[in-house]
Amino acid sequence: MAIVKMNKFNLLSFEEKRSSLLNILQDFNYVHFNDLEISEDESYLNEVKNETKLNAIDESLDKLNYSIETVNKFAEEEKFDLKRLDLDKVYKTASNFDFNLIYDELLKLVKEREGLVDKKQIVSQKIEDLKPWKDIDTNLNSLYDSKRLYIETGSISSQFYDTLKKTLVEKHLDESLIYRYSEADKLSYIVAMASLEDEEEFKEILREFGFVRIKVKSEGSVQESLKKLESDRKTIDTDIEKLEANIADFSKYLEDFYLYESYLKNERKKEASAEFFLKTKSMDVIEGYLPAGMTERFKKDLEEVLMDNYILDIKEASKDDPLVPIILENNKIVEPYESVVETYALPRYNEFDPSLLVAIFYTIFTGFMIGDLGYGLLGVIATLTALKIKDFPKSTEKMIKLFLGISLSACVFGFIFGSVFGGIIDVPFGWIDTQNDINTLIIISLIIGGAALFIALGMKAYMYIRDGRPMDAVYDVLFWYMAVGGPIYYILSNNKIGLYLMGIGMVGIVLFAGRDAKSIGGRFGSGLYDLYGITSWVGDFVSFLRLMALVLSGGFVAYAVNVIVKMLFDGGIGGIIGGIIVFVVFQLFNMFLSYLSAYVHSLRLIYVEMFNKFYEGGGVKFREMLEDTKEIIINRGERK
């Protein structure tokens, strides 16, 4: 339950050994490089650039991602169990895998399929163009070229069709004719014919009615062309299906693809690490950090690769160095709560790991807010089942275990409140009735909130004392305990000692909170401003009433569902079935909302109300040299 102690190192090694050095350090893994910059008086140094290798790896990753997406698109989705492999196994397997050859074959099939898809679209468009004329059983090309008649095909709005026919009669164009072959989307597809003598007048009338000329492209009769095109489309569909089956067959390489992905990402991580270095004409200049307990192994690995041709300086990392990377180290119970800390901010190296404090209070907050034994038991069963039947990445596993802790807490508070799915079952236990003991819930919420706030403030005193600054603990912590705790003690005991304590605390805050100010006026003003912050304590205490509010809201919703279910159960077999459905669906939905609300609002109580009393954060996350993927976890050596 601490921050792993770090050592800082500076290393000089020959550039020709860079590749071997990166290999051994990646296998070592627990080394964090500083991104070195060149100062004005270091003109003899240059930055290490690795763009060529990185671009080549990125190109391979793009090809690989495209291959995986393409195969998954056409193959039945396969579930691959998470694999844990040694880095050496990943590299050896990847070196024997000819990805480029497989990619070229896959790309050839994809392009061939795309060509057929384009061809099918063209054929389909031709079919759509000919469909309005499907009843024409003659070759229109011969009619278009007629020397005796003017013949045209096209479309007009259906609303004008009858009017057009009437107009031709009124104009005495007795040798003119329009015939509608089909109608679709309020358009009439017509064949228009007229004698050559009436051609110009006929064409003018057609224009007036919005006639749109459509050239029917058909070799032979339209019916024959449609049959041929339909046959061609079926043939294309068959060819496309064969190609898609061939593409789907590449799913046999998916496992190799995922392993190759792990190789590429770790290779990129390794090559990108070199860009943190600086170099002279022949030497690499490297600076970074490693866990103090791994120093001897680090030296041994360097000696194995570099022999005696290097210069190494290792010293204990400074507490106040803002660049020291952070690794949190906790037992299996507290470890899942590291994700809560990391979501806000990692501690700085001169702070302490708040994971244990978060584990205690976050578990209490969430369990109180859910407050139902039935919901808690379902959560326990779901999380334990998930952990039992499937192997998860570390981050996912930690999140599931976090919800396991939340569910166990919900069981405890559900037992205290005597609530099982909102009271659907009468139980012989339960000391607090959430539907009636509102005042009790308010008092408990404020007690929990007060304990959380005072303990969080106490952590600030701990850090001052740890760092050899006991008087700062008096000025910034003890006086606040007196200023805030005094009136609470007075209200509870009606003893004036509480008022005296409050007065002493407030005077102490005014006199010493601004002790770093250079002038007396500045010191006094800063102290008064700091004392004004006492108003935030009132808001912090009130915020903890959300514990009571959320357990009440979840309980009342569950109770309402139960009332509806009991009413339905009085309606015979149909009512019983409906009641069961309503109970399952809405209780699960309320459980989801209860967990979600507890998760979110507990984060607020931790981050806003507690952390602002002692925690600044802003630590740098330790950057390992190994990278996991969704399918492959790289085995790490023990960190000692």
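Which residue of β8 does Leu177 stand opposite? Leu177 stands opposite Met193. The model is predicted, with local features requiring pLDDT of at least 70 and side-chain atom pairs counting only at pLDDT 80 or more, while totals for chains, interfaces and linings use all residues. Residues are numbered from 1 along each chain as its sequence is written, and side-chain values use heavy atoms, leaving out hydrogens and water.

**Strands β7 and β8**
- Strands β7 (residues 177-184) and β8 (residues 187-195) pair in the antiparallel sense over seven bridges; pairing requires that DSSP find at least two bridges.
- Strands (E, at least two residues) and helices (H or I, at least four) are DSSP runs, numbered from the N terminus.
- A hairpin is formed by β7 and β8, with two residues between them, and Asp185 in the turn has a positive phi of about 55°.

**Helix α8**
- Helix α8 (residues 222-248) has 27 residues and spans 38 Å from first C-alpha to last, close to the 39 Å expected at 1.5 Å a residue; the expected span is 1.5 Å times one less than the number of residues.
- Among the buried residues of α8 are Val222, Leu229 and Ile240 (buried means under 20% relative accessible area, with a 1.4 Å probe and protein chains only).
- The cover over the buried residues of α8 includes α2 (51-74) and α4 (99-130).

**Helices α2 and α4**
- The axes of α2 and α4, lines fitted to C-alpha atoms over the stretch in contact, come within 11 Å and cross at roughly 55°.
- Residues making the contact (heavy atoms within 4.5 Å) include Tyr66 and Phe74 of α2 and Tyr103 and Arg113 of α4.

Terms used:
Buried < 20%, exposed > 50% of the residue type's maximum accessible area, 1.4 Å probe, protein only. Axes fitted to C-alpha atoms, helices over the stretch in contact; angles between N-to-C directions.
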